[in-house]
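Subject: Structure handover

Hi,

Here is the structure I promised to send over. Please have a look at it first, and then read my notes below.

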Amino acid sequence: MRNRLLLILLFTCLSGWVSAQTGSISGKVTGPDGGALAGAAVYAEGVGIGTTTSQTGEYLLTLNPGTYTIKASYVGYQEISKSITVTGNQTVTYNIQMKEDDQLLSEAVVIGYGTKHKEEITGNIVTVKGKEVADQPTPSFEAALQGRAAGVQVTVGSGLAGSPSLIRIRGVASVSSSGDPLYIIDGVPVNQNYFSRGNSGAMNQNPLATLNPLDIENIEILKDAAATAIYGARGSNGVIIITTKRAKKKGWNFEFSSRVGTSKPTYVPQMLNSQEYLQLYQEAWENDGGVGRAPLPNRISWEEAQKTNTDWVDQTIHTGVKQMYSMTTGYKANKWGAYLNMTRDDNGSYLRDNRYVRNSARLNVDYEPIKDFKIQLSSSFVKATNYRVYNGWSGGLGAAMSTALPIYPIYDSTGEYNLSIVNPVAYRNLMDWKTFETRSISSLNVSYKITEKISVSGFAGFDFSNVTDDLFLPGKLIFADHAGQANRDVVKNLTQTMNARINYKAIDTKKQNLAIMLGAERVYATSHYRNYFMDSIGSAFYKNKGLISDKIAGIETGTPWALNSVFSRIDYSYKKRYLVDITMRTDGSSKFGENNLYGFFPAIGAGWIISEEKFMHLIPQINFLKLKSGYGISGNVPTENNAFRQVWIGSTNNIHYNNEATVYPTNHENPDLKWETSHIFDVSLEIGLFKNRITSDIAFYNKTTTDILLQLATPSSTGFSSYWQNTGKFRNWGVEYAITSRNISKKNFSWETQFNIARNYNKVLDLGIYFQDALSGGTNDTRVVVGQPLGTNYLVKFSHVDPQTGQPVYLDKDGNETYTWSNDNRVAVGTVLPKAFGGISNNIRWGQFYLSTTFVYKIGGNIYNSSAKRQNGVVTDWNMTTDYFDRWTQPGDVAKYPMLSMNTASYGLPPDPYQYNTTLFLESGSYLRLRNISLTYTVPKKLLKDKLRRIELGITGYNILTFTKFTGGDPEIARDFENPQDRNMSSNISYLTAPQEKSILFNLNVTL
């Protein structure tokens, strides 16, 4: 018993001695301003001991004696780390002042009608820096977004200067209405009518070409409903918010930039020369049973054909010249700041005589006359001239790839232009075609902070454009007995936006934050079109300005539309780690009748910053982990202003009844037409590893669109040309992944890699009572087929070439071989959607040198080479490509193409060769392209004079390398589209489209 008592007494003494030997670390965690940070994590690395700070920012860690690495972390701030030694019976005081993390979390992100810190966002938003856009010599700024954001598929425009690109955010969400994202520039929604002039000259008008990329500060891409629902009916295709530059540094700042270089096509079409053409043409003649020499197109003799070898491709392309000069001035004082930029950009393409010249000016002013009262003016003015040439189906390079045969001479025997043919050289040199555009996008924003909790804002903006297209054709080109004819199309668009907002911080404590925003907005847009035409005139209207007012009045049409809206956003956060935001918007659109005038578009987003939980401190490698999700409803409206009305127009072809002018209906009324609706779900995970040296984001989304807006063609017997209706349902879903790795980060050497990849799935779930032929793309090669992606290729399957007869062998619907092509055997084939697409960028800085590369890629998906069915099909008045050498010539040949024939019956076709729509011309669309590579050298400051702050010299290559198996040239071109429906459904169709350009440019940037 005595021994047991001694043991208990000894154990008690030892326990007290051990307890007396423990130490502790205590202190206070504050922000940059000295304010306490409640809920900050403080822990000893590697031992599993940690805590969070109290409401006053205080903490206490009890530790055994030893040396520890103490770390502190807080959302939006850089992680702090320090080695501290703890001894027994001692408390070490360690106060921690956090610094904001400028690189990852604390940056302000522009959202709809406001800004948020990145860590507060629950929606899926990607930021692209303006410099990443400005450094790329693209036809238009939106092309530079390619490969920069997961899930954003960009198909760059053709080689024509200023051509538009095709952008799809998480797939296409409409059939007959617009599938393009909404663009917002400094709060102003941008007019995006690509079809104000149809596809005249085989290229659509680009409403985005007037924006100067050098003015862009940041671009935010809003992808899911939690982010886009604040824009209601206009957000179903995503939103791209562009913020322009403003004065930053105090005092005067000056910057001069220039860029000079050349451009060539990424691919030169390989057409037959004269000898090759005559050989293949004669072969087709003999295969059809012809005797002697074949009669040549256009009644040209063999003697003349044999002595002529015109390279029409070479006659339409050359080395283009690009020049850009820009001057920027900025000034910032205590109460005001101003940013002024003036730029001239002369973008000459490789197509002869084709240029897009943009002269732009921007003035952004910030003024704070009294404390908390701010005025922001954003204003731009652009005058642009597009020196246009025929292209594609209209001529130019398109003619050089089709009807301009190598046996045709440029000049006739008298030395005049040979006008008995489609002569690309004659049309280019004799016609005068220019498009003049004047545009201004300007806004005024006024805000006043009434109290610490309440602030109000008012906004007014407008987007004005005046596009004048002048075309003059001399009499000899149109075979007229007068001097010539002039045509002018004038399109004026004005979009006015006004809104008012009130912001209320209902709760603003260390633990909870609740903010409410209420707003109302009105958008009013007008569009006017006027056409002028005159015969017997010797030059274009722009050279005879007096003719417009004095002699002809022109024909004018135009219809306004309006959108009235109220909206609200509620943001709530608890302990800065549990986040919820609710968005609601009601839109009323004049594009609908009274039955469905208003649409309601709500959304909710939630976020959980898991890395701020105590259990995450045991995993020091993960310094940021955030789970977020959202669900909401977005909408869409018809592209036409009077879609629900019965529209009557006056006859324009002098058709009269009983000597009276006539009117007729073009659109059948549908008072029940309603909003196209998309239900959108998104979930994503953001992670930062190893002090944010590696950051990544993975997201899954599901978007189901119902009440699809369809513009259906109606039989002519009805008296109407079209009819708008809501019917059908389809779904987009997919996954996105992006990762950024700071591989090396040293004083004189750094290397960063960015990679993103995405896969989008699309499926038509229902089409109501309609079948696939009710809707088609402009080239009649794509359809809306239930169970297939939107705009799937609907073709007859091509099996092989019969080795004995040289005839094409097709497959019927049941997979049986047949020698007869039939419309009834068309089936859904291939896929318009790639298996994956994305981009890879590397940025390497070594001393004064900076190297940047961007690769873009697409894996899978098909391209339908629509022009190949005439170039490599039935022999007609078109030239052929050298790919046709792989043809059947004798029994036993295993060839890609059938025997040559001028007779459609030889291919089992109806009389029209244009119907040769088979999978023979459906090719792989996969590619890998070096989109951009640039090397910049910054002159050391010690070599600069006092007034020079920075000098950069650089060289940039654009589209330098392309790897693809596509035989039609460039695997990535946005061609001319007929209308929004064609733009949505035929993105994978190529037809005589000019390839993209390959450019090399030298850059100079001087800052004072």
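Domain bounds here come from an automatic or database domain assignment. For the protein chain, that assignment gives domain 1 (22-97) and domain 2 (265-318 + 391-430). The centres of domain 1 and domain 2, taken over C-alpha atoms, are 81 Å apart.

Some background: this is a predicted model, in which local features need pLDDT of at least 70 and side-chain atom pairs count only at pLDDT 80 or more, while totals for chains, interfaces and linings use all residues. Residues are numbered from 1 along each chain as its sequence is written, and side-chain values use heavy atoms, with hydrogens and water left out.

Now the salt bridges (a side-chain nitrogen of Lys or Arg within 4 Å of a carboxyl oxygen of Asp or Glu). The structure holds 42 of them. One joins the side chains of Glu416 and Lys476, at 3.6 Å from N to O. Glu416 sits in the loop between helix H7 (397-400) and helix H8 (424-430), and Lys476 in the loop between strand S24 (454-474) and strand S25 (484-508), so this pair ties together parts that are 60 residues apart in sequence. (Helices, H or I with at least four residues, and strands, E with at least two, are DSSP runs numbered from the N terminus.)

As for accessibility, buried means under 20% relative accessible area, exposed over 50%, and partly exposed in between, using a 1.4 Å probe and protein chains only. Glu416 is partly exposed at 41%, and Lys476 is partly exposed at 44%. Another salt bridge links Lys434 and Asp432 at 3.0 Å, N to O. Here Lys434 is buried at 16%, and Asp432 is buried at 11%.

Arg929 and Asp970 also meet in a salt bridge, at 3.2 Å from N to O. Arg929 lies in strand S52 (residues 927-938) and Asp970 in the loop between strand S53 (950-964) and H11, so the pair ties together parts 41 residues apart in sequence. Both Arg929 and Asp970 are buried.

Finally, the residues lining the largest cavity divide into 18 nonpolar, 18 polar and 7 charged. (Nonpolar covers Ala, Val, Leu, Ile, Met, Phe, Trp, Tyr, Cys and Pro; charged covers Asp, Glu, Lys and Arg; the others, Gly among them, are polar.

Best wishes
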